[in-house]
Amino acid sequence: MFYEKLNKLKEKIIEQGNLVESMIEKSIRGLINKDKALLLEVIQIDEPRTNEAEIEIDEMCINLIARFQPTAQDLRTIIMILKMNNDLERIADMAENISESALFLIERPMVKPLIDLPKMAEETMRMLKDSIDSFIKNDPKLAKSVCERDDVVDAYRDQILRELVTYMISDPTTIERALHLERISRNLERIADLATNIGEDVIYIVEGKVIKHGRYKEGEGA
Amino acid sequence: MSDIVLKTENLTASYDEHIVVKNVNLSIIRNKITAIMGPSGCGKTTLIRCFNRMHELSPKAKVEGKVLLIENSNEIIDVYSVDPMLVRRKIGMVFQKPNPFPTMSIYENVIAGYILNGIKLKKSEADEIVEESLKKVSLWDEVKDRLRKKGTFLSGGQQQRLCIARALAMKPDIILLDEPTSALDPVATAKIEELIEQLKDTVTIVIVTHNVGQAGRISDYVAFMYLGELVEYGPTDVIFTRPSHEKTEEFLTGKIG
Ligand SMILES: Nc1ncnc2c1ncn2[C@@H]1O[C@H](COP(=O)(O)OP(=O)(O)O)[C@@H](O)[C@H]1O
Ligand SMILES: [Mg+2]
């Protein structure tokens with residue numbers, strides 16, 4: 001009864017994770033291949049789907065808590081799914097932001113060849129994938145590795161920003177395009193932060209330990 | 001519209017002019033588990049005893065209003081205008097305290113409904129009904145070697161499963177369970193709850209419980225009664241997370257009851 005329902009809930013959040021992951025992948029691929037249809041798909045089809053699924057998952061969690069009054073690891077798992085659900089929905093919004101900027105950029109000449117951004121996106125997606133996998137497999141080691149890789153993505157962001165600044169200074173006509181590129185890298189960085197959140201939550205459900213405030217800063221600039 | 005199996009219309013029940021169930025309109029959904037919950041004395045037992053005409057067996061008891069048993073869209077039985085024995089065959093009942101018939105063997109207990117109704121079964125037919133019913137309540141493996149022993153030798157949980165088998169043997173449309181686990185330990189309770197879940201594919205279940213946890217765990221729909229009235233009725237997910245009546249809220253949060 002309870003475990004059947006809990007398993008259904010887990011399936012649902014994994015499905016949501018996969019969808020969100022594919023949105024990031026599509027938005028970057030759409031940018032690189034100048035694929036307008038793909039970018040529109042993220043905005044018009046995928047994002048509304050994630051909103052619906054978020055509400056459904058929320059309700060499933062609340063119903064389970066109200067009806068079965070779970071305790072200990074069962075309770076932590078459901079609370080974790082609630083938080084992860086919230087994180088995934090925000091990640092979907094960020095993928096939408098990336099697609100929007102990509103739509104702007106693909107109609108115009110490139111400021112510079114895309115080198116670091118695809119690498120940053122790849123690393124970010126890997127972090128998200130691993131954070132979800134660590135939840136599925138109950139693997140705190142993998143979850144910890146996600147938290148540690150946050151620095152790599154931050155470094156990419158700084159690097160990209162520095163480079164864009166030099167372009168903007170030397171040729172002000174690039175400013176608007178450069179700002180869109182900056183927006184994409186900023187959203188990727190925020191996605192990596194949220195993947196880190198998920199990793200921290202996994203460590204919490206598996207080990208019952210809070211690592212958030214010790215090692216990792218809570219604040220995340222928008 | 002959902003598939004309704006039993007419907008009450010302005011159902012009112014009393015003992016010696018004292019009204020204990022007031023004007024209840026309730027539609028029970030087929031092949032679902034409906035929990036009737038509410039504080040002690042609010043009329044839960046009386047309500048379900050009206051469904052299969054057991055209420056009228058109490059002295060000075062009276063019933064007003066209608067109960068309709070909807071077997072299918074072209075066969076609707078007005079419960080109070082047919083033979084009560086027929087109604088009780090179609091709407092079985094399991095009580096709070098397990099009550100296997102003490103003079104009967106396990107085997108006879110399962111087919112007691114037939115024996116008491118004077119329905120003759122061929123030996124092969126009876127064997128089949130006994131085996132099938134005991135299997136449905138997961139009791140077959142535990143008792144198949146001692147079917148001729150008295151049912152009263154079984155544990156409380158086994159006795160209750162035997163009583164459920166006895167009700168199932170009549171192939172009813174609905175089984176009414178009146179706090180079927182209140183006399184059982186947690187392990188036996190969990191087994192019965194699991195069993196009830198499995199049974200809903202075969203039969204509609206109405207279970208009276210004053211245990212909120214139990215209603216939450218097993219029911220698809222919940223009816224909340226208070227002082228003889230049906231206060232609120234709906235899907236368990238809805239009632240348990242956002243009830244619309246203050247009394248329901250108070251009951252669910254343990255402030256009354
Ligand atoms: N046989 C009876 N004679 C007189 N009053 C009764 C009888 N059975 C129940 N009552 C009264 O009817 C009311 C409803 O009882 P009941 O249906 O058993 O409530 P519940 O099952 O919710 O505890 C109570 O006030 C109870 O005292
Ligand atoms: Mg009662």
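Helices (H or I, at least four residues) and strands (E, at least two) are DSSP runs, numbered from the N terminus. By that assignment, R76(A) lies in helix α3 of chain A.

## Basis of the model

This is a predicted model, in which local features need pLDDT of at least 70 and side-chain atom pairs count only at pLDDT 80 or more, while totals for chains, interfaces and linings use all residues. Residues are numbered from 1 along each chain as its sequence is written, chains are lettered from A and ligands numbered from 1 in the order in which they are written, and side-chain values use heavy atoms, with hydrogens and water left out.

## Helix α3 of chain A

Helix α3 of chain A covers residues 72–106, and A72(A) lies in it. A72(A) is not a glycine, yet has a positive phi of about 50 degrees. With a relative accessible area of 53%, A72(A) is exposed; the classes are buried under 20% relative accessible area, exposed over 50% and partly exposed in between (1.4 Å probe, protein chains only).

R76(A), also placed in α3, touches Y204(A), I205(A), V206(A), E207(A) and G208(A), not counting residues up to four places away in sequence. Contact here means heavy atoms within 4.5 Å. From R76(A) to E107(A) there are 31 residues in sequence and 47 Å in space, C-alpha to C-alpha.

## Interface of chains A and B

On the chain B side, 13 residues are in contact with seven residues of chain A. The two chains bury about 860 Å² between them, 53% of it on carbon and sulfur atoms; buried area is the accessible area (1.4 Å probe) that two parts lose on being put together, summed over both. R217(B), D237(B) and T241(B) supply 44% of the area that chain B buries against chain A, more than any other three residues.

The count between chain B and chain A is one salt bridge, defined as a side-chain nitrogen of Lys or Arg within 4 Å of a carboxyl oxygen of Asp or Glu. It is formed by the side chains of D237(B) and R67(A) (3.0 Å, N to O). Helices α8 (186–199), α9 (212–218) and α10 (236–241) of chain B each supply at least two residues of the side that touches chain A. By class, that side of chain B has two nonpolar, five polar and six charged residues. In this scheme Ala, Val, Leu, Ile, Met, Phe, Trp, Tyr, Cys and Pro count as nonpolar, Asp, Glu, Lys and Arg as charged, and the others, Gly among them, as polar.

## Salt bridges

Over all chains the count comes to 31 salt bridges. D237(B) lies in helix α10 of chain B and R67(A) in helix α2 (residues 36–68) of chain A, so the pair joins two chains. D237(B) is partly exposed at 32% relative accessibility, whereas R67(A) is buried at 6%.

Helix α5 of chain B holds two further pairs. D127(B) forms a salt bridge with K123(B), the closest N and O atoms being 2.8 Å apart; the two are four residues apart in α5, about one helical turn. D127(B) is partly exposed at 29% and K123(B) exposed at 55%. E131(B) and K135(B) form a salt bridge with closest N and O atoms 2.5 Å apart, and are likewise four residues apart in α5, about one helical turn. Both count as partly exposed, E131(B) at 29% and K135(B) at 46%. In chain A, salt bridges that share partners join E123(A), R126(A), D130(A) and R149(A) into one network.

## Strands of chain B

Strand β3 (residues 33–37) of chain B is mostly covered, with five of its five residues buried. In a regular strand the side chains alternate between the two faces of the sheet. In β3(B), I33(B), A35(B) and M37(B) are buried on one side, and T34(B) and I36(B) on the other.

Strands pair if DSSP finds at least two bridges between them. Five bridges join β3(B) to the parallel strand β8 (residues 204–209) of chain B, where I33(B) stands opposite I205(B). With strand β9 (residues 221–226) of chain B, β3(B) pairs in the parallel sense over four bridges, and V222(B) is the bridge partner of A35(B).

Strands β1 (residues 4–15) and β2 (residues 18–29) of chain B run antiparallel and are joined by eight bridges. L6(B) stands opposite I28(B) in β2(B). Two residues lie between the strands of this hairpin, in which D16(B) takes a positive phi near 50 degrees.
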